[in-house]
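Student: I would like to go through the aromatic pairs and the cavities of this model with you. Shall we have it on screen first?

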Amino acid sequence: MTPDLTSKTGGSQEPVQIVHLSTPSTYSMADEWYGFVTPSHFWIKWRFACIRKLLPKKYEWGTILDVGCGNGVVGQQIKSHYGIEASGCDLNEAALRTISMGYNKLYFYNIHQRNAEFEGYFSTILLMDVLEHIDKPVEFLEAASYHLSPGGKIIINVPAIQLLYSKYDVIAGHVKRYRLTTMANELTKAGFHVECAGYWGLSLVPLLLIRKLVLNFYREENIIEIGFQPSSHLMRQLLNLLMFIETRLFTRTPIGSSLVVIATKTIPANK
């Protein structure tokens, strides 16, 4: 038996139906972050530009599960650029209820539950800035692998460079920031083979060092807005310019504020 993934969007702006498969549980994520996350945000555009450079326009996505899809910004970007809809799952029902496009099905679902209908069903799994919130990432990757067909791909983005770990990361619910070697080791233990990996956001590194210092002077309730949202129109223009320059000069950089990885499922994670 396969899950019902029939499209429910059909161009409508009505919220996508949410299928409840799990009971409510805690999650490590600052809800206010979703108030600033839109497809027009410079960082969201930058992240997707890096994904696009690694995956050609004719990339065969197959069936997609966007794990930790939040308010659905990634699904909107994939639908707009590649013309395909994903399925999404999250444990934040309030965020799921804001989604009106880009997904054919939404699940209130904990992947550790390993629903039998999903075993090996998906061709591509997305973990877009999810893994850094997880205390036991190898177990989480093994759970993700359960949902992935043999030879299927997992596409991951995480924050990078522990030196940049700041009050923002703490409030956002980040356990750590990643190094390439750490990510590769975790994926290997979970039964994946890394196809390509690299950093992006080289020009953001000095800005995040400044952010780390500045945020020490602000109260916790203001940290997400100050740490993520550009403070002025001029700053937005500058950050968009940095994105434009860097994404045209580089596919990946020697170091950066984020790390993107594409890996293939090689063996069942439970063997």
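**Rings and cavities**

Tutor: By the rule that rings of Phe, Tyr and Trp (its six-membered ring) pair if their centres lie within 6.5 Å, the count comes to 13 aromatic pairs. This is a predicted model, where local features need pLDDT of at least 70 and side-chain atom pairs count only at pLDDT 80 or more, while totals for chains, interfaces and linings use all residues. Residues are numbered from 1 along each chain as its sequence is written, and side-chain values use heavy atoms, with hydrogens and water left out.

Student: Are the planes of Phe48 and Tyr82 stacked or edge-to-face?

Tutor: Planes under 30 degrees apart count as stacked, over 60 as edge-to-face and the rest as tilted. The ring centres of Phe48 and Tyr82 are 6.3 Å apart, with 85 degrees between the planes, so by the definition this pair is edge-to-face.

Student: Which helices does that pair link?

Tutor: Helices here are DSSP runs (H or I, at least four residues) and strands are runs of E (at least two), numbered from the N terminus. Phe48 and Tyr82 are 34 residues apart, and the pair links distant parts of the chain: helix H1 (residues 42-54) and helix H2 (residues 73-82).

Student: Why does Phe48 count as buried?

Tutor: Buried means under 20% relative accessible area, exposed over 50% and partly exposed in between (1.4 Å probe, protein chains only). Phe48 is buried because its relative accessible area is 7%.

Student: What volume does the largest cavity have?

Tutor: On a 1 Å grid over the protein atoms alone, a cavity is a set of points where a 1.4 Å probe fits but cannot get out. Grid points are joined across faces, edges and corners, and a volume is the space filled by probe spheres set on the points. There are two cavities of 30 Å³ or more, and the largest has a volume of about 60 Å³.

Student: Which elements each supply at least two residues of its lining?

Tutor: Lining residues have an atom within 4 Å of a point. Among those of the largest cavity are Phe48, Trp61, Gln77 and Met128. The elements that each supply at least two are H1, H2 and strand S5 (122-128).

Student: And which elements give two or more residues to the lining of the second largest cavity?

Tutor: The second largest cavity has a volume of about 50 Å³. Its lining includes Trp46, Tyr199 and Glu246. The elements are H1, strand S7 (192-200) and helix H9 (233-249).

Definitions and conventions:
1 Å grid on protein atoms, 1.4 Å probe; cavity = no way out; pocket = protein on both sides within 12 Å on 5 of 7 lines; lining within 4 Å.
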